[in-house]
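Me: Hi! I've got a model open and would like to talk it through with you. Could you help me find my way around?

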Amino acid sequence: MNVNQQPHMASPYGQPQPGYQGYPQSGYGGQHVPGGYPAPYAPYNGPASAYQPGPPQGMRGPPTSGAPPVSAAQAYSQFGQGDIQNGPPPLGAPPQRSVFSQPFPTAAPPFSAPGPTQPPGPPLASQQTFPQAPPPSQPPFSSAPPQVPPASYGGPPPPVQASHPRAAPPTSQPAAFPGGPPPTSTPTQYTGPPMQQPPVSQPSSFHSGPPPPPTSAAGFPPQGGAPPRPPHPGIQGPPLASQGPPMSQANHVAPPQPGMLAGPPVPGMAGPPPQPGMQGYPPQQNGEYCRYSCCLSGSQASDIPPVQKTRHRIDPDAIPSPIQVIEDDKANKGSEPFVTGVRGQAPPLVTTNFHVKDQGNASPRFIRCTAYNIPCTSDMAKQSQVPLAAVIKPLATLPPDENSPYIVDHGESGPIRCNRCKAYMCPYMQFIEGGRRFQCGFCSCVTEVPPHYFQHLDHTGKRVDCYDRPELSLGSYEFLATVDYCKNNKIPQPPAFIFLIDVSYNAVKNGMVRIVCQELKTLLDYLPRENPDVQSNIRVGFATYNKVLHFYNVKASLAQPQMMVVSDVADMFVPLLDGFLVNVSESRVVIESLLDQIPDMFADTRETETVFGPVIQAGLEALKAADCAGKLFVFHTSLPIAEAPGKLKNREDKKLVGTDKEKSLFQPQVSFYANLAKECVAQGCCVDLFLFPNQYVDVATLGVVPTSTGGSVYKYTYFQAQSDQERFLNDLRKDIQKKVGFDAVMRVRTSTGIRATDFFGSFYMSNTTDVELAGLDCDKTVTVEFRHDDKLSEETGALMQCAVLYTSCSGQRRLRIHNMAVNCCAQLADLYRNCETDTIINFFAKYAYRCVLNNPTKNVRDSLVNQCAQILACYRKNCASPSSAGQLILPECMKLLPVYLNCVLKSDVLHPGADVSLDDRAYLRQLVSAMDVAESHVFFYPRLLPVHKLDVECDTLPVAIRDSEERLSKGGIYLLETGLNLFLWVGANAQQELLQNIFGTPAFGQIDSNMTSLPILDNPYSKRVREIVESFRAQRSRYMKLMVVKQEDKLELIFKHFLVEDKNNSGGASYVDFLCHMHKEIRQLLS
Amino acid sequence: MATYQDFIQQNEDRDGVRCSWNLWPSSRLEATRLVVPVSCLFTPLKERPDLPPVQYEPVLCSRASCKAVLNPLCQVDFRAKIWACNFCFQRNPFPPSYAGISEVNQPAELMPQFSTIEYIVQRGPPTPLVFLYVVDTCLEEEDLQALRESLQMSLSLLPPNALVGLITFGRMIQVHELSCEGIAKSYVFRGTKELTPKQIQEMLGLMKPAASGQQGRPLAPQDAATSCRFLQPVHKVDMNLTDLLGELQRDPWPVPQGKRPLRSTGIALSIAVGLLEGTFPNTGARVMLFMGGPPTQGPGMVVGDELKTPIRSWHDIQKDNARHMKKAIKYYEALANRAAVNGHSIDIYAFALDQTGLLEMKCLSNLTGGHIVMGDSFNTSLFKQTFQRVFSKDYNGEFHMAFGGVLEVKTSRELKVAGAIGPCVCTARPELGVGGTCQWKICSLSPSTTLALYFEVVNQHNSPIPQGGRGAIQFVTQYQHSNTQRRIRVTTIARNWADAQSQIQHIESSFDQEAAAVLMARLGVFRAESEEGPDVLRWLDRQLIRLFMFHLRRSPFLQVFNNSPDESSYYRHHFLCQDLTQSLIMIQPILYSYSFFGPPEPVLLDSSSILPDRILLMDTFFQLVIYHGETIAQWRKAGYQDMPEYENFKQLLQAPLDDAQEILQTRFPMPRYIDTEHGGSQARFLLSKVNPSQTHNNLYAWGQEAGAPILTDDVSLQVFMDHLKKLAVSSSA
């Protein structure tokens, strides 16, 4: 609740976490848990502030309950417990709830003790915090109170506090509430646990009516029927309230937030929350409690454990909701253009549609930063642990209504630059001495203005032509490069595309060869060009291969193409020059004849072995021979085991997963490809790899060249012409047509004080500063990490300039410049107030995915959790208003950090399930490292759209729901988008009319789960759904295949894998559990 | 008995053998004293229209070390059905199939007129002939065009079942696959990397039938052979190949200013050899190399691609400045030996204005019996007609070529084979003992292919041979006829032994001057190939005293002045494989004179023969020069031949042309045909050959009727003879 509620500031999740923390506080846990245990709880509850009481008891109980190993559980956690929880319904869940519920609602007459809670009057307090209700003020959660941005949930401070208080309080519980903090705290914790559920869940549950259902359904009657619940009759009431909350959540956005946050704690607010909490609790409680108890027992050892357990049952609706945040952002920022001129302002989220006005800083479409207020000193940076990074997408495609960067020509002498640091002319250059010189904003060096560039200054010191020159007024623009910027000081030749097609048995059999050849015939008309009216300058060449390579001479003067076989794969060379790379329009007839014949020529092939290294070498040699840059499109099927350089062996060994040797699976098995990649980069040869494997192909090794040359890897496992053709062809089309630059070098310059230290993405670096990209397309992203090497000043802020020198597809050499200025802050609070969680997650994911190359994945996961905990703990310690340790307090801008981080931790790369192949992991690892923020966001937190709520009358999409099975309704149909896949989940009880409209059949049983596209039906519903599917696909760089998943169908397992808020089969934590865990970590740090 | 002249002629006609001595000195010592060794020129496939081959197997001596073939010189006991080998004296029973023989019913091989007899034998399945074209594409467009046309034309001359293959090369080497429909396929190799035969075969997919994508069904061995995608029957791929040749492009790799095109001749040949080795070992096959310049890269390169470095000259070679020569020679020799082992021959058609590296590559043809033809451009009749003539047919409509010949020479015990000089490789050293034999492999034979065989008399002085004894030599040539039959030709000759002391006059009169000249010349040329020029001349001077030696000394076979290394190699190659008549022409060119004063007559090869009112026709084997004397030339210019009243002049002009045409018809390779006149620049071909009896040094002839003075410091025959006489006298003194 809190969480969600708090709109702005920190979100008070806390409590839930408290649970975690709680553990230690056996007491707390106890309480809740206790709840679990009927008896105890009751009593506690009785105390009214169930919390405290509970806890205490619990604590005490712990002993009792303690027995239950809970602790063990705790540690872990909660996750585990969580799971268990469900199981353990036995727990007296109900009771507990009651407990909680009581508090809130008063409703909980029974416990009424609860009454107490309320009494606290501050029901809020009670809720949220039970804890601290006292703090009533606002409850920690909500940042509400203070706007201290951080909202903190967490309850109260870490266990420690709690414990203390607890210790005492426990008993006092009741008092506690009222009493103040201490008690609260304790309570909190307790509550926390409960709270978690409550707070969060409460609200949420309430809000999201749906979610609850599932859960409730599952577990506790309450959920769905939250209201119904007898026990909590009051609760029901609450629910309403809660509903209110939901509203509030929405509201959160705005004003309410604080209130909300506080809300929970606060009276009114509280009201709702409680309810939710109530509900949530109950259900969960049942399960969770159990666990708790279990946990407790285990944990007992560690006093606190119990609490955690309690937490389990945190109401999912009470914890920060990504959907809520997304919707809030849309509502707040989507309406008006984002103006880049204001330094230090975070842009709208990637999920929000917005218009950008370039006023001197690069559009967020080009650059997104993790933080828009950088700490002035490295100490601060270290303390906060917030990564300072920028995610740069230099050639990003802009929406049609935004101008692509202007091209500036500074004449023969080339772009004007600072003499010392070589930064390019930009709005941060300060003209002085009447315009005769300019001072560099990066290094402060003063440089003469060349005569041809001289211009007078106006009274404000600005050049008179400031607004006529893009380089003086805009954040992004391009310079025409002179010959000095070209390789070998030679104007580059137009680039070339070379298609290298595997024609071994598998490739022919699965239809790939025929499809590629067929498609290329049309695709060749769509080669990238800058001016759509003229023919593309790009030349093309074709080769096929199995164990040997076949080059084709398609010279225009030939009547028939000629095939040249090169069997000397040990020492690759290009057999022909003239006739291999040709202009499409001139050689069209010959090319078509070739593409017609290739499938037939190899139709009867028996050759199953392939080579791979020589294939790339061949393309590379061809480009070398033609002295141009270019791109290789390699269509490949199998592990290259034929005798040749770069030969690989099958090293798939799942036994290594989870061991220290696991990292070796991500590393290439031979160094050959790394060396080859280096050569490719030197020549400007970018490699795009399309894989069609039906067994292990060692993506980790094959992908080395593509990922080092700015290329992409596409993988179509078990490719079948019929079902995968569409996806492959769309990818191919997009890949061929997309805007691309070659032979690129990117350099990021920064103002004194920070410097770019690390880079992530698909490129090669031969030194520490220049990012070399053989090819750079509009979807490729480079993430740059910055470190302090000196102090920054608040006045000047920090500047960065990203310059990308590249050859355009027409062969023009250009420099694209993106400038970015951010604020510097001396207060940590500013940092936390102006950062972007999506970008941080993008950075973390890339960072972690690179770490797995050298570290055991478990260590990587742990360090991620740790860093995240440090970030949040730092906030809590330095920015949040004092509150009980049991509360989890999150900065408003980072309240989604835990949920997203959990998604990263659960991703297949870091935490694979048994059915995830090594290839898939390597593939995803490579894929993510070049993703931009929008893609990484949806990749880690898929978009789940309730299709059945679609309003066909208007253009807007229904509000997405959270990725949890609880939120699915049996009667609904949902569309889930991951950036790589689309699923259409059909509930078993979906309305017949809906089915009829979408699938053309009213019967659930008749829906063909093999369909890959929706039938085209003439009704608005069908049309609209298909439109949505198409629009989703259009947003992503890769085509998403649509899979229809029927509830209870075997495919559902795959689908569920993407419900990232739930725990998964391979042991990934649920959101709630993870939040608890995170809370515990934070508390440990703080204590 | 007829004169020796007749005897010699008769023997040559019947057996294709010319011996230096037709009576043999009976001891080693005496033989050595004769200076000119006991030796003979043997033409294995001498055309014998009157010799019908017999269709059975020869009867062999049963002694394992002898295996001589039953011949007319054997003693036969018709009653016991036993014959005695005349080489080892082993008594052998006749095989059962000879049960019916008697004195009146003798098999052909016992009849004296069948001292040369040819057997057709069945040895395995007939294998088609294989022609593998190896074509240089670094040619000027017009040369390439001419070459394309010639190659296309040649397809129609091949027997329909012959297998044909195509390899083209420039910077890269392409082995063209001929069996495919649609897209033309070729396998490409880089020209700088030496590959082992195994690698080549692997890369061409020749190793395992399954690997070559042939539907994986196991192939019978013959199938494997015929299924080779690179060598296909002409009748199947005629159209394909014609198109392919028609589309043959010039090497597409750009040649920068100041560079030679990169030609990977060495690797192209090694691939050709490797291909045949892997598919058709021990089957008649010709690799025909067409090149328009020197190899410039990879193993076997003769010169680098920098134009500023000229190709090696004799001067460089003498100074040991020819960087690539030794390595290249070694490389090509190794290749030649591999080809020879498998019975494949390599022809070289080198047409370029500059040298092309024949010096280095000559062994390819020398060791495998291949042709070498050299000229200035493929776009000349010299090439076109010569190439056409390769495929000329005999009266039976069969090619004048045979393949995979193995020549075995057996001698009576008093003789030993010392060696052979000719287009062959030795495959078995002489075995000592009774009926010593020796084997050579001659990968390609034509009816004129002639080997020089040298013998030693091993009989010691103190063991005289009884009066009337005869020494015998048997030549057994197994070969694949161009109609794919396997044949064995057996020639058995015998000469009387003579005691040198008592019968020196007889021996002297049995001397065959012409044969001896050619035999000695071959020895000389052979030495010249391996030794320093002056040494050879000196050796020759010591050994020889005969007239023609004057011309031999001046000939390009020994004299390298004014000839490039390639030219020398070329001339020598032909000298070492032509028959006696042609060899004599090469040594001492023939000069005919045409005039109004009588029928054409041979005249002295002397500057005094060059007269204004004569037309001269000189045949040097390599050149055919028609020279119009000063007056004749003026008349011709004035157009008298077109006037009806000067019909006789027209005829006079026509006469040498007709004669030349006749020579051109039969000569292989086509000689360079030169039609010139007094004062013409091309007259140098004539002037350089004639004996310079009048030079600017003996001006007395100026303005007088006798001939034309030659501007040279060379000694004239007169001076040479005078000197020789002096030497002869002084040395005898």
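Me: What does UniProt list for residues 492–735 of chain A?
Reply: The unreviewed UniProt entry gives that stretch of chain A as "domain: Sec23/Sec24 trunk". Keep in mind that you're looking at a predicted model.

Me: Switching to the interface: how many residues of chain B are in contact with chain A?
Reply: Chain B brings 20 residues, which are in contact with 28 residues of chain A. Together the two chains bury about 2200 Å², with 56% of that on carbon and sulfur atoms. On the chain B side, B:I183, B:V188 and B:R190 lose the most area to chain A, together 27% of what that side buries.

Me: Nice. How many salt bridges are there between chain B and chain A?
Reply: The count is 3. In one salt bridge, the side chains of B:K193 and A:D568 meet at 3.1 Å, N to O.

Me: And which element gives the most to the side of chain B that touches chain A?
Reply: That's β11(B), with 7 residues. By class, this side of chain B has 11 nonpolar, 5 polar and 4 charged residues.

Me: New topic: is A:K393 buried or exposed?
Reply: A:K393 counts as buried because its relative accessibility is 13%, under the 20% cut-off. A:K393 lies in the loop between β7 (389–392) and β8 (406–408) of chain A.

Me: What does the side chain of A:K393 join in a polar contact?
Reply: The side chain of A:D932, at 2.4 Å.

Key. Residues numbered from 1 in each chain as written. Chains lettered and ligands numbered in written order. Predicted model: local features only at pLDDT ≥ 70, side-chain atom pairs only at ≥ 80, totals over all residues. Heavy atoms only, no water. Helix = DSSP H or I, 4+ residues; strand = E, 2+ residues; numbered from the N terminus. Buried < 20%, exposed > 50% of the residue type's maximum accessible area, 1.4 Å probe, protein only. Polar contact = N/O pair within 3.5 Å; in protein donor to acceptor, adjacent residues only side chain to side chain. UniProt positions renumbered as here; feature names shortened; annotations may be inferred. Contact = heavy atoms within 4.5 Å. Buried area = accessible area lost by both parts, 1.4 Å probe. Salt bridge = Lys/Arg side-chain N within 4 Å of Asp/Glu carboxyl O. Nonpolar A, V, L, I, M, F, W, Y, C, P; charged D, E, K, R; others polar.
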